[in-house]
Amino acid sequence: MRNWGDELETKVVEINSNNPEEDLIKEAAEFIIKGELVGFPTETVYGLGANGLDEKAIKKIFKAKGRPQDNPLILHVNSIEMLEALVEEISDKAYKCMEKFWPGPLTILFKKSSIVPDSITAGLDTVAIRMPSHKIALELIRLSNKPIAAPSANTSGKPSPTRAEHVIEDMQGKIPFIIDGGETGVGLESTVLDLTDDIPMILRPGGITLEDIIGVLGQCGIDPGLEDNINNIIPKSPGQKYRHYAPKAQMYVFSGDMDNVNREILKRAIVARSRGQRVGIMTTTENQEQFLDFDVEIMGSSKDIETIAHNLFHLIRKLDEKNVDLILCQGVERDNMGLAIMNRLNKASGGNIIYV
Ligand code: TXA
Ligand code: MG
């Protein structure tokens, strides 16, 4: 018998993302069927998967991540039939979004059916469901023939994993199997969309943008609880109320006129260094030469917001590994993917967004 204090042996298996080897995914699916956890890639971030209908397996997810019990999980499906068993009804709006964005980085809230365990929904009457587009994720669901519950495969509070090595760093010794499918594409989590009220609401911005959803449904709001840490409204998505994606270092994000942003970052970097602090700077290709004297990580071109999203969590982890004391990061415009990027930066910095 295994005690929770014991370390598990973690097997890491490389699988080809474009053409997944079925026999290797079968091995992973066996673990899901047995009620064990598997780290696997999706198009957004790596997930920590378990059989979403198995209470005991679900408990292991919360344990391995150190996740608060009141934070519900997303179920991942590979077919509309699998979805139908998990929900009371599918609205016209939901069908429209599914047609346009599934498989892909959109999670939709539905009224849950009775077969969905309470531990998945943290007692809520809605269940969050998405159909991922990553071939390995779809194959894993197909071969285990179960809806797979999967939060991001990081220790709670840390940046979400976008590479297998991030999962290994957080989950080695805690789970028996990790699939290495290379870097994930989007790099940020799925958008969580609530369609259970009259007006569609984004509860967590992500891979599908507000603009995309308005394009399909005509209107969509953003949960007021998501604004920078300046109000007392509790977010509707329980996960959004926790400090999250956070580096060990203190972090500040700078928004506003680009010259002011660069000047402020440089000023603070020089002051911090003079105090003996190690400084990491996250900036765009266009601005990098201003900071050659410091540990600079390039997020991508300011004209290429998708690349910035793709690199974001990796760079935060990388600067953490370099043991910097302070991270100074350039902000982005809050449109399209920029909204999700600024949401993650707000959380990562503990609300330290400075407007200059
Ligand atoms: O891209 C993703 O969504 C990744 C990959 C693995 O699919 N998964 C992911 O899961 O980000 P997680 O657990 O890290 O985030 C799920 C978010 C949390 O903020 C949670 O509170 C919210 O979805 N959520 C889940 N069920 C909910 C519900 N019934 N009502 C409101 N929010 C819900
Ligand atoms: Mg997460």
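Colleague: Which element gives the largest share of the shell around ligand 1?

Modeller: Keep in mind that this is a predicted model. The largest share comes from β6, with three residues.

Colleague: And which elements give two or more residues to that shell?

Modeller: Those are β4 (74-76), β6 (126-130) and β10 (201-204).

Colleague: Which residues come nearest to the ligand?

Modeller: There are 26 residues around ligand 1, and the nearest are T44, N71, H76, S190 and G239.

Colleague: How does the shell around ligand 1 split by class?

Modeller: You get 12 nonpolar residues, nine polar ones and five charged ones in the shell around ligand 1.

Colleague: OK, polar side chains next. How far is H76 from an oxygen atom of ligand 1?

Modeller: A polar side-chain atom of H76 sits 2.6 Å from a ligand 1 oxygen. R204 also has a polar side-chain atom by a ligand oxygen, at 2.9 Å. Then there's S237, where a side-chain N or O atom is 3.2 Å from an oxygen atom of ligand 1.

Colleague: How much of the accessible area of ligand 1 does the protein cover?

Modeller: On its own ligand 1 has 680 Å² of accessible area, and the protein covers 98% of that.

Colleague: And which pocket is the space taken by ligand 1?

Modeller: That space is the largest pocket.

Colleague: Let's move to the backbone. Where is there a cis peptide bond?

Modeller: Between W102 and P103, with omega at about -10°. P103 is in the loop that runs between α4 (92-101) and β5 (106-111).

Colleague: Is N145 buried or exposed?

Modeller: N145 counts as exposed because its relative accessibility is 58%, and the cut-off for exposed is over 50%.

Colleague: What about the other asparagine, N323: where does it lie?

Modeller: N323 is in the loop between α10 (305-321) and β15 (326-330). Its phi is positive too, near 60°. With a relative accessibility of 54%, N323 counts as exposed.

Colleague: Switching to helices. Which helix holds G338?

Modeller: G338 is part of α11, residues 337-348. It has 0% relative accessibility, so it counts as buried.

Colleague: How far is V261 from I234, C-alpha to C-alpha?

Modeller: They are separated by 30 Å, and they sit 27 residues apart along the chain.

Colleague: Back to loops. Where is H244?

Modeller: H244 is in the loop between β11 (221-222) and β12 (250-255).

Colleague: Buried or exposed, for H244?

Modeller: Buried, because its relative accessible area is 15% and buried means under 20%. From H244 to K322 the C-alpha separation is 20 Å, for residues 78 apart along the chain.

Colleague: Last one: where does E21 sit?

Modeller: E21 is in the loop between β1 (11-14) and α1 (22-34). It comes out as partly exposed, with a relative accessible area of 31%.

Colleague: What separates the C-alpha atoms of E21 and P235?

Modeller: 41 Å, with the two residues 214 apart along the chain.

How values were computed
Residues are numbered from 1 along each chain as its sequence is written. Chains are lettered from A and ligands numbered from 1 in the order in which they are written. This is a predicted model: local features need pLDDT of at least 70, side-chain atom pairs count only at pLDDT 80 or more; totals for chains, interfaces and linings use all residues. Side-chain values use heavy atoms; hydrogens and water are left out. A residue is near a molecule or strand if one of its heavy atoms lies within 4 Å of it. A polar contact is a pair of N or O atoms within 3.5 Å; within protein, one must be able to donate a hydrogen and the other to accept it, and residues adjacent in sequence count only if both atoms are side-chain atoms. Accessible areas come from the Shrake-Rupley method with a 1.4 Å probe; for residues, only the protein chains shown count as cover. On a 1 Å grid over the protein atoms alone, a cavity is a set of points where a 1.4 Å probe fits but cannot get out, and a pocket is an open set with protein on both sides within 12 Å along at least five of seven lines; lining residues have an atom within 4 Å of a point. A molecule sits in a cavity or pocket if more than half of its atoms lie within 2 Å of its grid points. Helices (H or I, at least four residues) and strands (E, at least two) are DSSP runs, numbered from the N terminus. Ala, Val, Leu, Ile, Met, Phe, Trp, Tyr, Cys and Pro count as nonpolar, Asp, Glu, Lys and Arg as charged, and the others, Gly among them, as polar. Buried means under 20% relative accessible area, exposed over 50%, partly exposed in between (1.4 Å probe, protein chains only).
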